Amino acid sequence: MLDFKELEAFVWAVRFGSFRKAAVRLHITQPSVSERISRLETTVGELLLERSARPIQPTMRGREFFLHAERMLEQRDEALKLFDSEEAFSAPLRLGTIETIVHSWFPVFMQRLTERYPKLMIELTVDYSPALNDRLMSNELDILLAMNGYLSPEHIEYDTLSPYEMGMFVAPRHAEMLSERPHAWCRTLPFISFGKLARPYEELVRYLADQGLKQPRIHSVSTLMTIVRLTIEGLGIGALPVATVLDEWRRGELYRIALPKPLPPMNYDVIWRSASHPRFCRSVGRLAQECATQYASARHAEMATSHFTGLWVPPNASVFTPEATPPLI
């Protein structure tokens, strides 16, 4: 088997025409250079150098082999540069994320990621968090922007992302009806949520059970934008990330129901396998954190400065017992 140390000794001996100069270049002794080249000649089965010549000259086969040896050393050095500079990372990044992130800060993240790593190619998968976690552990994905808690902690590393506030929304015509008939609040309309495999669906079921609704009618939908559309069309009460429907809420296409107890937030992490490229993955994770935090801050600022006062549905006093009047944001 060829050894890079033997190749280096051969290449520098040919370049300098001297074992002594090659030894100085490699910071080893002259006998060590001679020994390495002898081992190389034993491996290939032929003499590569004319030792009697001054300066030392490669044999006919040695001249041919010298070209290959130089290329092998250059390729080795090029490969090792990957570990000196993260910006040089060029392998396809198999990235998995959930739809809520895709429809919020993900485009900015993609832009900044490709600016930081200009040679990077992205292979994107959008799916539920459980499916993404399974694909991460089977080495089909490299990094996730998804819900954590599905994999054994000793196999992964992760950084926390800004959570999403959740809210319940209805179409304007239902907002008027619910204001006039508050006692029919959660028994008149079905709910619309993510698919049954998604954690927000499970959390909605538990939330409604805590409020006394043991068998809620819930339409489970696979995509966020479909939930938004069905809610706007009046097919039920949509359980939605507030930040992703600010525009629809501001325009009056959706009204938000004032809840005495908040829905559980949607918490996400950036996740990667412990065995993956640690510096690169952590760098991507920090960038995702920055984008998620900036998006959350901007959306909170929008809610604080925009007029949402008239776009709330009062809570149902017969089912809920609010401790305060509906907030303005």
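**Exercise 1. Locate T125 and state which class of accessibility applies to T125.**

Solution. T125 is found in strand β4, which spans residues 121-126; helices (H or I, at least four residues) and strands (E, at least two) are DSSP runs, numbered from the N terminus. The structure is a predicted model, in which local features need pLDDT of at least 70 and side-chain atom pairs count only at pLDDT 80 or more, while totals for chains, interfaces and linings use all residues. Residues are numbered from 1 along each chain as its sequence is written, and side-chain values use heavy atoms, with hydrogens and water left out.

The next step is accessibility. Buried means under 20% relative accessible area, exposed over 50%, and partly exposed in between (1.4 Å probe, protein chains only). T125 has 16% relative accessibility and therefore counts as buried.

Finally, the contacts (heavy atoms within 4.5 Å): leaving aside residues up to four places away in sequence, T125 touches L95, G96, T97, L132, R135 and L141.

**Exercise 2. Determine which residues touch the most other members of the largest nonpolar core.**

Solution. A nonpolar core is a set of buried Ala, Val, Leu, Ile, Met, Phe, Trp, Tyr and Cys residues joined through side-chain atoms within 4.5 Å. The largest one has 75 residues, and W105 and F109 touch the most other members. Helix α13 (residues 278-305) gives the most to this core, with 9 residues.

For F109, the partners are L95, L145, V284, L287, A288 and C291, not counting residues up to four places away in sequence.

**Exercise 3. Assign the buried and exposed residues of helix α8 to its faces.**

Solution. In α8 (residues 172-180), the buried residues are H174, A175, M177 and L178. They lie on the same side of α8 because they cover an arc of only 165 degrees around the axis, the arc being that of the directions from the helix axis to the C-beta atoms. The face turned away from this buried side carries the exposed residues R173, E176 and E180.

**Exercise 4. State how many helices and strands the chain has, and what share of its residues is buried.**

Solution. The chain has 13 helices and 13 strands. Of its 329 residues, 46% count as buried.
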